[in-house]
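Here is a short tour to read with the structure open beside you.

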Amino acid sequence: MHRRVESHQQAPQTTGQTVRRWAHLYDAVVGLVALGKERDIREMTAQMAGLKPSDKVLDVGCGTGSLAIAVKTRVGATGEVYGIDASPEMVDVARRKASQSGVDIAFQVGLIENIPFPDCTFDVVLSSMMLHHLPGDDLKRKGFAEMYRVLKPGGSLSIVDVEPPASPLLRVLHPLLLVHFWVKTNLQDYQAVMEATGFTEIEVRKTRYGGLAFIRGRASKF
């Protein structure tokens, strides 16, 4: 059984990540922004991560748990899935959703810059549409270093995140569509940080969903 960390504790102090306290509205907002494709995007993220049965997986910035639930269906009964989020409210909703779905996933409050797991714990670490919330390069570097630390040798990090639209028209429309119009991050920037952290076999590519890109790398540690 997964060890459960109760989420009535105070949110941990973070060096800059926004702690979202509107968990009860989060899924509805994401569904609106994703134009009804949220489930498809989560399934795509899980598929692109190359998950295998029995993998031990961590979802960083798990939100309300939708991606972790999709991941659990892929790693099966012998796999283990964990999720961390800075928001206790998000963790509470994620636990309820997992219970309603009948899946065993361990969710707990935790920060990307101080991931609450030992070194070399996970086969796969995932993050979906979270890293662009981190202000400043220093916090991103800490986050990548922590994700690298908890990966087993040869383990993989997979990230799906939004990118700023190239079209000036879309830059104007994004705020109206409730999309992350403040986003300035490009996944090519993540590639440089991953290389400096020690990741190898890094690949960056667009997805079939406009405005979303995917990056994956492997923890060598040899």
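## A facing pair in the sheet

Leu-157 stands opposite Gly-217 of strand S7. The strands involved are S5 (residues 151–162) and S7 (residues 212–219), which pair in the antiparallel sense over seven bridges. Two strands count as paired if DSSP finds at least two bridges between them, and helices (H or I, at least four residues) and strands (E, at least two) are DSSP runs numbered from the N terminus.

This is a predicted model, in which local features need pLDDT of at least 70 and side-chain atom pairs count only at pLDDT 80 or more, while totals for chains, interfaces and linings use all residues. Residues are numbered from 1 along each chain as its sequence is written, and side-chain values use heavy atoms, leaving out hydrogens and water.

## The whole sheet

Seven strands make up an open sheet with mixed pairing, in the order S3-S2-S1-S4-S5-S7-S6. Strands S3 (106–109) and S6 (199–206) stand at the edges with a single partner strand each, so one side of each has no neighbour in the sheet.

## A helix on the sheet

Helix H7 (residues 187–197) packs on the sheet and touches S5, S6 and S7; contact means heavy atoms within 4.5 Å. The direction of H7 makes about 175 degrees with that of S6, where axes are lines fitted to C-alpha atoms (for helices over the stretch in contact) and angles run from 0 to 180 degrees between N-to-C directions.

## A look at Thr-64

Thr-64 is found in the loop between S1 and H3. The C-alpha atoms of Thr-64 and Val-93 are separated by 5.4 Å, although these residues are 29 residues apart along the chain.
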